[in-house]
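Hi,

Here is the structure I said I would pass on. Have a look at it first, and then read my notes below.

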Amino acid sequence: MKVVKGGRIYYKGRLVNAELGIEQGRITKIKKTGLTGDIVNARGMVVLPGAIDIHVHFRDMDLSDKETWETGSKAAAAGGVTTVIEQPNTKPPTDSRKTYKQKKGKAKTGSFVDYGINGAVAIHSDISGLSPFVSGFGETFLAGGNDLHVRYEDLEGLLQAVETTKKVLTIHAEDEKLVEKGISRYKNTRESNYPKARPEKAEEKAVDKVIDIYNKIERKPPLHFCHISSYKTLNLINDSTVEVTPHHLLLTKSDLKSQGSYVKTNPPIRGRKNRAMLWKALNSGEIDVIASDHAPHTQNEKEQGFWKAPSGVPGVQTMLPQLAYHVKKRNLSLKRFVKTLCENPSDIYGLNKGYIKKGMDADLIFMDFSDITRIKKNMLHSKCGWTPYTGRRAIFPQKTMLRGKVIYKKSGFRDKIGEEIEPKGYRKSRENRKTT
Ligand SMILES: NC(=O)N[C@@H](CC(=O)O)C(=O)O
Ligand SMILES: [Zn+2]
Ligand SMILES: [Zn+2]
């Protein structure tokens, strides 16, 4: 038995002095003291569940100049993320068994962390063929997405097809028509107009439409809204889960001025007041999940000029560490931190992870909250090689453990043991949302 000793463990919503016994990759004992076995030293450290980042784009295959499973999952492990859910807008897209298997081949040999692969929701997707393999369906691109673009007219049928699989369906909610209108109006004007080109209204309208369609159908799959950017949109969502990204919590429109295309992302980063309202919502429990939407693009692509450059920012390595700094600063409770990064993501995908509890996978991060560092480019493992957060304060894990094995220490990476998760079905119960 491995024994995690000397640390303060996050257990049932608070930190306690306790020891963890780990056998066959799972937590089998939790005791105040007295466990014996191979010691994993946690002296002076806070032990938390590893984060489950349910929204990453690890690219690879024909997009391996941007990211690969190896580089993306190293970034994850170094940032305290022990499980990722990878999105289907790759080349080729994950829309059939064949392309799923192709991606799985890359993940199987390349991943340092555990992973799920999501299937594409598009009119041509083989939803029933993908169903036995994928963790969930989406993100569903209501705006953009090229071949994976979905029109409202087709959404009802797709929702019903996904319902039969009993898996969650996730939505990228922006209204295509309003976005097209906005882009044609603002294209090639100054970069700070990007949020106007893809306005809050576009997000609100898409969410409204989706909820309308969803309410009309009888048998409904669990529904999850990706990367909601506007606090006004949050108030429209009651029966589905909501995700917000670190970039919408940490950046504002003024970063568009200073960093230009590097912080161009969809939906866009909004203003200061909106960001403050997102933090308020986070603290009051209206946001279920924080996920990175880790969307790496090369510097060359980002240097093409603002309106030509692709949208997306990397974030899988810097998400948890920056939020940990906000926990230290008391801007966020440890409870909300663990709920949104570990517990709720686990409940949405039905995983044996995200909690420090007997029987759960021993996916743990060891944190020293006094070790504050400033983010530098040379710390990053993503292949894209840049971050919008240079110079910002963060608390990185001292070590990261996956199913009882240390996969990352500050001195470097260990075993590459990432495996595909086996989702056991949605078990998220509705949290009370304010309806103001
Ligand atoms: N967020 C983005 O701006 N881009 C993402 C796709 C997406 O999540 O919409 C990407 O894959 O690059
Ligand atoms: Zn998206
Ligand atoms: Zn995405």
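The lining of the largest cavity has four nonpolar residues, six polar ones and no charged ones. Do keep in mind as you read that this is a predicted model. Which residues make up that lining? They are His294, Pro314, Gly315, Val316, Gln317, Thr318, Leu380, Ser382, Trp386 and Thr387. The space inside the largest cavity comes to about 70 Å³, and the structure has one cavity of 30 Å³ or more.

Next, the annotated site. The unreviewed UniProt entry lists His55, His57, Glu139 and Asp293 under "binding site". Although these four span 239 residues in sequence, no two of their C-alpha atoms are more than 10.6 Å apart, so they gather at one spot. From this set, His57, Glu139 and Asp293 belong to the lining of the largest pocket. As for His55, you will find that residue in strand S8, which covers residues 51-56.

Then there is a sheet to trace. It is an open one made of seven strands, with mixed pairing, and the order is S3-S2-S7-S16-S19-S20-S21. At the edges sit S3 (14-17) and S21 (412-413), each of which pairs on one side only.

S2 runs parallel to S7 (residues 46-49), and two bridges join them. Here Ile9 is opposite Val47 of S7. Going on from S7, you get to S16 (residues 364-367), and this pair is antiparallel with four bridges. Pro49 has Leu364 in S16 as its bridge partner. After that, S16 is joined to S19 (residues 399-402) by three bridges, again in the antiparallel sense. In this pair Phe366 faces Lys399 of S19.

What lies across S2, S3 and S7? That is helix H14 (residues 334-349). The helix runs at about 40° to S7.

That is what I have for now.

Best wishes

Definitions and conventions
Residues numbered from 1 in each chain as written. Chains lettered and ligands numbered in written order. Predicted model: local features only at pLDDT ≥ 70, side-chain atom pairs only at ≥ 80, totals over all residues. Heavy atoms only, no water. Pairing = 2+ DSSP bridges. Contact = heavy atoms within 4.5 Å. Axes fitted to C-alpha atoms, helices over the stretch in contact; angles between N-to-C directions. 1 Å grid on protein atoms, 1.4 Å probe; cavity = no way out; pocket = protein on both sides within 12 Å on 5 of 7 lines; lining within 4 Å. Points joined across faces, edges and corners; volume = space filled by probe spheres on them. Nonpolar A, V, L, I, M, F, W, Y, C, P; charged D, E, K, R; others polar. UniProt positions renumbered as here; feature names shortened; annotations may be inferred.
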